Amino acid sequence: MRVLLVEDESRLAETVRRGLVAEGFVVDVEHNGSDGLAAAATGDFDVVMLDIMLPGLSGYQVLRELRTRQVWTPVLMLSAKDGEYDLADAFDIGADDYLTKPFSFVVLVARLRALLRRGAPERPTVLTAGSLSLDPARRRVTRGQTVLTLTPREYGVLAFLLRNKGAVVTKSEILRACGTRTMKVTTTSSRSTSAICGARSTHHSGS
Ligand code: CA
């Protein structure tokens with residue numbers, strides 16, 4: 001179980017590294033975005049823990065570049081403070097989970113194990129459902145020949161549902177994946193997807 005930790009706070013990085021090693025993980029640490037990207041892009045890791053505020057490239061930039069390069073290693077984002085960033089952005093560009101500092105080490109290990117169990121299936125470059133397609137690398141959603149304009153949250157919900165196509169997902173999973181507690185969504189993928197697409201399609205055809 002190889003973990004890459006990209007974290008510029010040396011003491012935190014060392015504490016987490018030691019703890020994870022004691023739990024049986026193999027841990028590599030990088031202290032800035034550029035080195036983190038270079039290491040993560042090798043695809044040699046089972047999971048990447050990525051701080052958002054990093055010297056060099058930000059965690060967001062590293063994540064976006066990884067996904068653009070078709071590296072689908074699960075990424076757990078670390079954010080300094082709740083509310084400082086819109087974590088929906090992180091999910092939009094392909095993060096799999098996040099933790100807000102300071103975090104409990106026990107929770108961190110549980111989250112990492114969950115990501116490792118889920119693994120990194122080769123995700124399709126373009127996610128599809130019928131005539132609907134979503135290209136994560138280009139953040140582009142189309143239905144047939146029509147390009148749909150979605151808000152970041154709509155995009156996040158749609159991407160989450162498409163990645164879980166065929167599975168029943170709970171409302172709380174959707175909200176968590178989209179980094180919000182306030183959005184009103186239905187609980188099955190087909191209904192939510194069609195609700196989003198129906199709303200946008202109406203908007204587009206009417207404008
Ligand atoms: Ca930092």
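Two strands count as paired if DSSP finds at least two bridges between them, and that idea gets us into this structure. Here, helices (H or I, at least four residues) and strands (E, at least two) are DSSP runs, numbered from the N terminus. What you're looking at is a predicted model: local features need pLDDT of at least 70, side-chain atom pairs count only at pLDDT 80 or more, and totals for chains, interfaces and linings use all residues. Residue numbers start from 1 along each chain as its sequence is written.

**The sheet**

- Five strands form an open sheet in the order β2-β1-β3-β4-β5, and the pairing is parallel.
- At the edges sit β2 (26-30) and β5 (97-100), each of which pairs on one side only.
- On average, neighbouring strands in this sheet are turned by 20° against each other, direction ignored; axes are lines fitted to C-alpha atoms, for helices over the stretch in contact, and angles run from 0 to 180 degrees between N-to-C directions.
- As a bit of background, strands of a sheet pair through backbone hydrogen bonds, either parallel or antiparallel.

**Around β3**

- β1 and β3 are parallel and share four bridges, and Leu 4 has Val 48 in β3 as its bridge partner.
- Four bridges also join β3 to β4, again running parallel, and Val 48 stands opposite Val 75 in β4.
- To get from β3 to β4, the chain passes through helix α3 (residues 59-68), and this β-α-β crossover is right-handed; that is, with the strands pointing away from the viewer, the path from the first strand over the helix to the second runs clockwise.
- Five of the five residues of β3 are buried (buried means 20 or more other C-beta atoms within 10 Å of a residue's own, exposed means 12 or fewer, and partly exposed is in between, with C-beta atoms placed from the backbone).
- Both faces of β3 are covered, with Val 47, Met 49 and Asp 51 on one side and Val 48 and Leu 50 on the other.
- In a regular strand, side chains alternate between the two faces of the sheet.

**The β5 end**

- Strand β4 (residues 75-79) pairs with β5 in the parallel sense over four bridges, and Ser 79 has Thr 100 in β5 as its bridge partner.
- Helix α5 (residues 105-118) lies across β1, β3, β4 and β5, and runs at about 175° to β5.
- Pro 102 belongs to the loop between β5 and α5, and the peptide bond from Lys 101 to Pro 102 is cis, with omega near -5°.

**Helix α2 and Gly 36**

- Helix α2 (residues 33-40) lies across β1 (2-6), β2 and β3 (47-51), at about 140° to β2.
- Gly 36 is part of α2, and it counts as buried because 29 other C-beta atoms lie within 10 Å.
- Beyond its neighbours within four places in sequence, Gly 36 is in contact with Val 6, Glu 30, Leu 50, Leu 54 and Val 62 (contact means C-beta atoms, placed from the backbone, within 7 Å).
- Gly 36 and Val 6 are 30 residues apart along the chain, but their C-alpha atoms are separated by 5.6 Å.

**Two more stops**

- Gln 70, in the loop between α3 and β4, has a phi near 65°, a positive value in a residue other than glycine.
- Gln 70 counts as exposed because it has 12 C-beta neighbours inside 10 Å.
- Nine of the 12 residues of α6 are buried, so this helix is largely enclosed by the rest of the structure; among them are Tyr 155, Leu 158 and Phe 160.

Notes:
Contact = placed C-beta atoms within 7 Å.
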